Amino acid sequence: GDAYKRQDLKEQKYVCTLAECKSLTRASERLYISQPALSLYINNVEKNLGAPLFERNGRKFELTWLGKQYVEKASQMLELERQFEAVMRQTEQEKAGQVRIGIAQRRGIWFLPAVLSVYEREWPQVDVVIREGNLADLTIMLKKRELDLVVLSQSDVTSEMEAVPLGMEDFLLMVSGDHPLNEKAVPVEGSKLDFLDPHLLSGETIFLNTEMQSARRVEEKILKDYKVKPGRIRVVRNMELGAQLVAEGLGVGFIRQGYQKNIHYPKPVKYYTIDRSKYGQNVVVAYRQDVELTKPMRAMIMQMKDAAEEYLEF
């Protein structure tokens, strides 16, 4: 803010202060300048106006009629300046301030580094706070105003939220590299991944997420739509663990496309697309409808959109 120091209302300030104090001694003390300097300044103002603002009675300064008109207008100018200063201060704080982001743990791994590497260079004064949690936690934290922005699936957006789309994320089926099901995969036009019919999963051990996780709803929909009767269901919270159990041939499972990018395990896992139009999830960044977005928040949303396009290849 130092670059923006204004001297233009000095005259108004000096005259109003003297009018209020009625004494050169007190006015100069309040203004942190010497008495002779203030006296000279006031004389010059009056000379430029061609009329006196003050009547001098001994050491007492009383306003003339013109002086009263001047002070009335000058006070309004000073008040407007104070209001503008307040706006400036708020803007300065906005440039600094804080952005609190909520994101699912696994999603954070592949998405946030790409976002923050650019954002922190452009907004070095902003304190970015990252909170990882499941959908239930993140929704509550946003409700309680403990978070500013939450990255989640479109289907999890509630009526109190405003959401900005980031992109579409596929929901994939995973089986071990040497599973007999791999032979039944069919290529899909325009997709890097083949299709494996989920009907074929009946009788298999299937890993599902916990009820607290948003992926569980999609998994259950797939099983219902394809009338899959699992041999047994095993619940895992951590998708990486799920993928590793699948790699070991202990069952089959599902995973979000973005999460799959960061799973590195010595034994191979094959990923298959199911039906993107039906189970693909729009990923969004959401915020409370009743919140006025600050500049750093808007910049963060823009950066997330850029990262989603470049980095996620949804």
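Buried here means under 20% relative accessible area. The views below all come from a predicted model.

**View 1. Helix 1 crosses helix 2 at roughly 135°.**
Here we're looking at residues 10–21 (helix 1) and residues 24–31 (helix 2), whose axes come within 8 Å. That angle makes helix 1 oblique to helix 2. The crossing is right-handed. On the helix 1 side, the contact uses Lys13, Tyr14, Thr17, Leu18, Glu20 and Cys21. Helix 2 answers with Leu24, Arg26, Ala27, Arg30 and Leu31. Sort this contact of helix 1 with helix 2 by class and you get six nonpolar, one polar and four charged residues.

**View 2. Helix 2 meets helix 3, with the axes crossing at roughly 100°.**
The tally for the contact of helix 2 with helix 3 is four nonpolar, four polar and no charged residues.

**View 3. Phe54 and Phe61 pair edge-to-face.**
Searching the whole structure turns up five aromatic pairs. In the pair shown here, the ring centres of Phe54 and Phe61 sit 5.8 Å apart. Their planes are at 75°, which is why the pair counts as edge-to-face; the cut-off for that class is over 60 degrees. Phe54 has a relative accessible area of 3%, so this residue is buried. Phe61 is buried too, with a relative accessible area of 9%.

**View 4. Tyr226 and Tyr279 make a tilted aromatic pair.**
For these two tyrosines, the distance is 6.4 Å centre to centre, with 45° between the planes. Tyr226 lies in the loop between helix 7 (215–225) and strand 9 (232–235). Tyr279, on the other hand, belongs to helix 10, residues 276–279. The pair therefore ties together parts that are 53 residues apart in sequence. Tyr226 counts as buried because its relative accessibility is 13%. Tyr279 has a relative accessible area of 1%, so Tyr279 is buried as well.

Conventions: Residues are numbered from 1 along each chain as its sequence is written. This is a predicted model: local features need pLDDT of at least 70, side-chain atom pairs count only at pLDDT 80 or more; totals for chains, interfaces and linings use all residues. Side-chain values use heavy atoms; hydrogens and water are left out. Axes are lines fitted to C-alpha atoms, for helices over the stretch in contact, and angles run from 0 to 180 degrees between N-to-C directions. Helices (H or I, at least four residues) and strands (E, at least two) are DSSP runs, numbered from the N terminus. Angles under 35 degrees count as roughly parallel, over 145 as roughly antiparallel, 65 to 115 as roughly perpendicular and the rest as oblique. A crossing is left-handed if the near helix is turned anticlockwise from the far one by less than a right angle, and right-handed if clockwise. Contact means heavy atoms within 4.5 Å. Ala, Val, Leu, Ile, Met, Phe, Trp, Tyr, Cys and Pro count as nonpolar, Asp, Glu, Lys and Arg as charged, and the others, Gly among them, as polar. Rings of Phe, Tyr and Trp (its six-membered ring) pair if their centres lie within 6.5 Å; planes under 30 degrees apart count as stacked, over 60 as edge-to-face and the rest as tilted. Buried means under 20% relative accessible area, exposed over 50%, partly exposed in between (1.4 Å probe, protein chains only).
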